[in-house]
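Here are my notes for you, written as numbered points. Keep the picture open beside them and find each piece as you read.

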Amino acid sequence: MNRIDASDHYDESGFASQTPSLLTVVIDTNPRAWAAINDLLPISKAIANILVFINAHLAYGNENQVAVLAAHPNRAVWLYPTSSADRSITPPGRRRDAGGGSGGSGSNNNNSHHRPGTSANKYPHFAKIESTILASLGALIDGTAASDLDPTTLVSGALSMALSYIHKTSLAFEPPKTSADPANPTTAPATKPAAPNLHARILVLSVSQSSPAQYIPTMNAVFAASHARIPIDTLALYDAPSFLQQAAFITGGVFLSAAANPRGLLSYLMFGFLADVDARASLVTPTQDSVDFRAACFCHRRVVDTGFVCSICLSIFCDVPDNAECLTCGTKLALGNYGAKPAVVPRKKKKRKRVNGAAGGGREETGSAAGTPAPA
């Protein structure tokens with residue numbers, strides 16, 4: 001139409017300058033933890049609320065993307081995308097088919113029996129994500145044996161997989177490098193820092209407490225996310241995991257606890273976590289009143305309030321190691337006078353003044369043999 005009457009009917013400047021946003025959701029699928037809050041919020045209703053939140057994120061921008069992982073007691077698995085072919089990144093401006101391929105029935109035969117009947121009232125991309133997540137989650141639950149019911153949730157592994165996927169996606173969205181040298185066109189140094197080509201963030205839906213055994217790998221993933229400027233948001237439905245509190249504080253994310261009202265999961269998601277990194281600069285985001293900065297010791301994997309820190313590798317110990325050597329790097333720890341008995345200084349006795357008289361009613365002794373002379 002614009003070519004016919006030579007007039008601009010639509011202002012596409014806002015769409016051209018929109019930065020894609022990648023939301024990676026990590027769902028804690030510990031069966032024991034979900035059984036504890038089953039009366040308040042079953043996992044089926046929680047997944048339904050998460051799907052509404054994911055659809056809202058995708059509807060916020062045409063180039064927005066989403067990835068979903070499950071942090072299980074013994075492993076971390078992909079819920080969406082499920083295969084390496086589906087996780088292939090689509091460059092900007094080329095949206096993949098919502099049906100996951102050519103659109104025919106034979107393009108994705110593995111999940112065809114899991115998909116519900118399609119509806120004309122549902123966006124095909126939303127229907128594909130919903131069916132894939134439900135099928136992957138059902139396969140994960142069916143494959144969980146009684147021996148897998150460990151109270152420890154592998155959140156650290158899910159965070160590492162999410163960071164790897166975000167890095168891969170950011171590389172796909174990078175503009176091609178150009179150079180003035182025609183012989184070497186792809187090695188031009190960057191003259192100025194470019195604007196971010198992808199706004200990525202991680203949202204962790206936690207229903208279990210942080211395990212001290214996962215402290216080291218969790219904090220390694222947290223510091224990697226902080227270096228890459230990827231915020232880690234956390235919504236705790238049960239208790240307040242201390243390590244995820246530190247993750248949100250270090251990476252500049254949002255930490256909310258819905259333990260008082262888990263039924264309001266959708267409200268927490270829509271009002272607290274829908275805005276991406278760019279939109280949060282113009283909003284007042286929720287803040288943490290207090291942060292649990294306790295760490296886990298490297299020797300016994302126990303959460304401690306006070307401990308000993310190696311000055312070389314920053315390893316934390318709840319007690320002095322044997323021979324005062326660091327168990328991680330072997331450095332001889334300088335403890336100074338730690339453990340020595342403090343020097344006791346005797347208190348100086350104060351000299352008391354003597355008073356003449358047996359009953360103490362006489363005059364004070366002045367130190368003179370003669371009495372005070374009376375006036376004449």
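1. First, a word you'll need: two residues are in contact when they have heavy atoms within 4.5 Å of each other. Keep in mind too that this is a predicted model.

2. Now for the core around it. Which residues touch the most other members of the largest nonpolar core? Look for Val68, Leu235 and Leu237, out of 35 residues in that core. Elements giving two or more residues to this core include the strands β1 (21–28), β2 (65–71), β3 (76–80) and β4 (199–206). Helices are on that list as well, among them α3 (31–36), α5 and α9 (265–272). The most comes from α4, which gives seven residues.

3. Trace six strands in the order β3-β2-β1-β4-β5-β6, and you have an open sheet with mixed pairing. Where does it end? The edge strands are β3 and β6 (255–257), each of which pairs on one side only. On average, neighbouring strands in this sheet are turned by 20 degrees against each other, if you ignore direction.

4. Strand β5 (residues 232–236) and β6 run parallel, and three bridges join them.

5. For α5, they are β2 and β3, with the helix running at about 150 degrees to β3.

6. Last, a helix pair. Helix α4 (residues 43–60) packs with helix α5 (residues 124–142) at an angle of about 145 degrees, their axes being 11 Å apart. Is the crossing of α4 and α5 left-handed or right-handed? It's right-handed. On the α4 side, the residues that meet α5 are Ile47, Leu51, Ile54, Asn55, Leu58 and Ala59. Facing them in α5 are His125, Phe126, Ile129, Glu130, Ile133, Leu134 and Leu137. Sorted by class, this contact has 10 nonpolar, two polar and one charged residues.

Note on methods. Residues are numbered from 1 along each chain as its sequence is written. This is a predicted model: local features need pLDDT of at least 70, side-chain atom pairs count only at pLDDT 80 or more; totals for chains, interfaces and linings use all residues. Side-chain values use heavy atoms; hydrogens and water are left out. Axes are lines fitted to C-alpha atoms, for helices over the stretch in contact, and angles run from 0 to 180 degrees between N-to-C directions. Helices (H or I, at least four residues) and strands (E, at least two) are DSSP runs, numbered from the N terminus. A crossing is left-handed if the near helix is turned anticlockwise from the far one by less than a right angle, and right-handed if clockwise. Ala, Val, Leu, Ile, Met, Phe, Trp, Tyr, Cys and Pro count as nonpolar, Asp, Glu, Lys and Arg as charged, and the others, Gly among them, as polar. A nonpolar core is a set of buried Ala, Val, Leu, Ile, Met, Phe, Trp, Tyr and Cys residues joined through side-chain atoms within 4.5 Å. Buried means under 20% relative accessible area, exposed over 50%, partly exposed in between (1.4 Å probe, protein chains only). Two strands pair if DSSP finds at least two bridges between them.
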